[in-house]
Amino acid sequence: KMEELMATIISSFLLIFIAEMGDKTQLLALAFSTKYKVKQVLIGVCLGVFLNHGLAIMFASFISAYISLEIIKTTASCMFIIFGLWSLKLEFEDEDSESLNSLKTPILTVASAFFIGELGDKTQLTAMALGASSQAPFMVLIGTTSGMIIVSLIGIIVGKVLGKKIPEV
């Protein structure tokens with residue numbers, strides 16, 4: 001039983017780690033690290049991703065009791081395409097982050113950005129698929145959140161190094 005739980009955590013971690021490397025949210029962590037303290041960014045990432053993936057996994061676990069896994073996978077694939085096209089549309093519009101900058105704390109700003117940034121993202125949909133097919137959805141959540149935190153930490157470290165070498169202008 002313990003081996004199965006560890007296998008669930010590790011496989012969830014690895015899938016998210018590989019999928020997220022070089023993704024927009026890793027670049028988001030890099031950008032936030034040039035403005036905020038490492039601890040603030042990591043806490044924000046953890047909160048935003050935990051909430052996002054937690055809701056996705058809960059939803060998928062609940063739905064999988066009533067709908068076949070094939071329908072869930074097909075729906076997740078369609079959602080991925082829709083959200084991908086939607087994010088392309090948003091890139092062409094004026095992307096002003098005033099709403100995020102108006103938040104009171106750096107942690108809340110980062111958490112909100114990561115929560116929103118992960119909506120419909122491949123890692124959220126992966127978390128949903130893993131949660132729907134797992135007997136231990138909380139272990140999936142631990143694995144997916146950990147994977148996002150480690151990938152973000154890499155982005156934060158790169159951001160801190162680059163922030164010191166590249167002039168702000």
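This is a predicted model: local features need pLDDT of at least 70, side-chain atom pairs count only at pLDDT 80 or more; totals for chains, interfaces and linings use all residues.

Me: How far apart are the end C-alpha atoms of helix H3, and what span should its residues give?

Reply: The ends are 38 Å apart. H3 covers residues 38–64, and its 27 residues at 1.5 Å each should span 39 Å, so the two values agree.

Me: Back to those buried positions. Why would residues three or four places apart point the same way?

Reply: An α-helix has 3.6 residues a turn, so positions with that spacing end up pointing the same way. In H3, Val41, Val45 and Val49 are among the buried ones.

Me: Which residues make up the largest nonpolar core?

Reply: There are twelve: Ile16, Ala29, Phe32, Tyr36, Val41, Val45, Val49, Val110, Ala113, Phe114, Met148 and Ile156. At least two residues of this core come from each of helix H2 (24–33), H3, helix H6 (106–117) and helix H8 (137–165).

Me: Let's pick Phe32. What is it in contact with, leaving aside neighbours within four places in sequence?

Reply: Phe32 contacts Val41, Thr109, Val110, Ala113 and Phe114.

Me: Zooming out, how many helices and strands are there in the protein?

Reply: Eight helices and zero strands. Along the sequence that reads α-α-α-α-α-α-α-α.

Me: And what share of the residues count as buried?

Reply: 35% of the 169 residues. The accessible surface is about 10,100 Å², with 71% of that belonging to carbon and sulfur atoms.

Me: How much of the contact count comes from residues 24 or more positions apart?

Reply: Among contacts with a separation of 6 or more, such pairs account for 88%. On a related note, Met6 and Gly143 are 137 residues apart along the chain, and their C-alpha atoms are separated by 9.2 Å.

Me: Where does Met6 sit?

Reply: Met6 is in helix H1. Its relative accessibility is 40%, so Met6 counts as partly exposed.

Me: New topic: where is confidence lowest and where is it highest?

Reply: The lowest is helix H5 (residues 98–101), with a mean pLDDT of 45, and the highest is helix H1 (residues 2–20), at 94. Over residues 93–102 the pLDDT is below 50, and that stretch has five contacts in the model beyond near neighbours in sequence.

Me: What's the mean pLDDT of the protein?

Reply: The mean is 83, and 82% of the residues reach 70 or more.

How values were computed. Residues are numbered from 1 along each chain as its sequence is written. Side-chain values use heavy atoms; hydrogens and water are left out. pLDDT is the predictor's confidence in each residue, from 0 to 100. Helices (H or I, at least four residues) and strands (E, at least two) are DSSP runs, numbered from the N terminus. Contact means heavy atoms within 4.5 Å. Buried means under 20% relative accessible area, exposed over 50%, partly exposed in between (1.4 Å probe, protein chains only). Accessible areas come from the Shrake-Rupley method with a 1.4 Å probe; for residues, only the protein chains shown count as cover. The expected span of a helix is 1.5 Å times one less than its number of residues. A nonpolar core is a set of buried Ala, Val, Leu, Ile, Met, Phe, Trp, Tyr and Cys residues joined through side-chain atoms within 4.5 Å.
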